[in-house]
Amino acid sequence: MEHSGHGMVMDLPPFTLGRGLQWSADPFFLVACLLGLALYGWGVVRLTRRGDKWPVGRTVAYVAGVLSVALVMCTGLNDYGMVMFSVHMVQHMVISMLSPILILLGAPITLALRSLPPAARGHKGPRELLLMLLHSRYMKIVTHPVFTIPLFIASLYALYFTPLFDFLMGSKTGHVAMMVHFLAVGLVFFWPIMGVDPGPNRPGHLMRMLELFAGMPFHAFFGIALMMASTPMVETFRNPPSSLGIDALSDQNAAGGIAWAFSEIPSVLVLIALMFQWYASDQRQAKRKDRAADRDGDQELEAYNAYLASLNARGN
């Protein structure tokens, strides 16, 4: 055992990818991931048995999103993330910026609304409660950009550069709570921007792009600040166990590089998703206009035929 900034930790051998990917499950996230996959699978099976179709791409995206959470929380990455800033930053970036995007592309709320049975008249079941939550004032607030963008930025600066981070890293419970927070922040930030599910705040596609780019520069600046620092900035990672054979400042610089580079990945993914959604929306709108034009044309033709018939009747 060796003392670190957040308490007593086990000696760990130098980090390698093989050791980082070894099975070492956090119980909370293991149960949450299995439950999330089981519920989603139940919804898809229920729809299929009913004769309804559910896009395979959505299922693949959701499963990949949940597995990405398991990758960083149920492997050796979670153990090394307690004592190495660089590995912790990989966890943070994946669970806050990659996992939420994939989960949202899976449209879990839409699946729930389509698969959950409606409650009996005069009663409220899970489906009705979910609808109430979606239309609540609380949901309007937490998905509004005035709330989500500052929260997204504060999750970096107000957490890492204050004693709060060291306090949370001082216990397993605090660490799990922090990771849940990162996932939740990612979900509420990206949901109004590129989520497939219905939501209380859904601006136009151009505004969504602006919301995305409003938060990303701060993310890059955070990474640059870590890369350029001349002393360790986070107490938890100031004295890594000697068994790791790493230098705290070098590890911090690596963590900054990961944060800086990772800010580009979700930007590209979200932009691609937005472009596809924008194109699909335009196609649907064009089809609606075509159908409306066809209806109007049919009505005009019927009116003209009726006019000709009336003239014919007068002539007779």
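Predicted model: local features only at pLDDT ≥ 70, side-chain atom pairs only at ≥ 80, totals over all residues.
Arginine 238 is partly exposed, with a relative accessibility of 33%. Its side chain meets that of glutamate 235 in a salt bridge, at 3.1 Å from N to O.

**Salt bridges**

- Side chains of opposite charge can pair when their charged atoms come close.
- The structure holds two salt bridges.
- One of them joins arginine 238 and glutamate 235; glutamate 235 has a relative accessible area of 37%, so this residue counts as partly exposed.
- Another salt bridge is formed by the side chains of arginine 50 and aspartate 52, with 2.9 Å between N and O.
- Arginine 50 is partly exposed, its relative accessible area being 44%.
- Aspartate 52 also falls in the partly exposed class, at 29% relative accessibility.

**Cysteines**

- The number of disulfides is zero.
- Cysteine 33 is in no disulfide, and its nearest cysteine sulfur belongs to cysteine 74, 5.4 Å away.
- A disulfide requires two cysteine sulfur atoms within 2.5 Å, and the sulfur of cysteine 74 lies 5.4 Å from that of cysteine 33.
- For cysteine 74, which is likewise in no disulfide, the nearest cysteine sulfur is that of cysteine 33.
- Cysteine 33 has a relative accessible area of 9%, so this residue is classed as buried.
- Cysteine 74 is buried too, with a relative accessible area of 1%.

**Nonpolar core**

- The largest nonpolar core has 70 residues.
- Within this core, the residues that touch the most other members are Met89, Ile95, Tyr160, Phe190 and Met194.
- Helix H11, which spans residues 172-194, gives the most to the core, with eleven residues.

Notes. Residues numbered from 1 in each chain as written. Heavy atoms only, no water. Core = buried A, V, L, I, M, F, W, Y, C linked by side-chain atoms within 4.5 Å. Buried < 20%, exposed > 50% of the residue type's maximum accessible area, 1.4 Å probe, protein only. Helix = DSSP H or I, 4+ residues; strand = E, 2+ residues; numbered from the N terminus. Salt bridge = Lys/Arg side-chain N within 4 Å of Asp/Glu carboxyl O.
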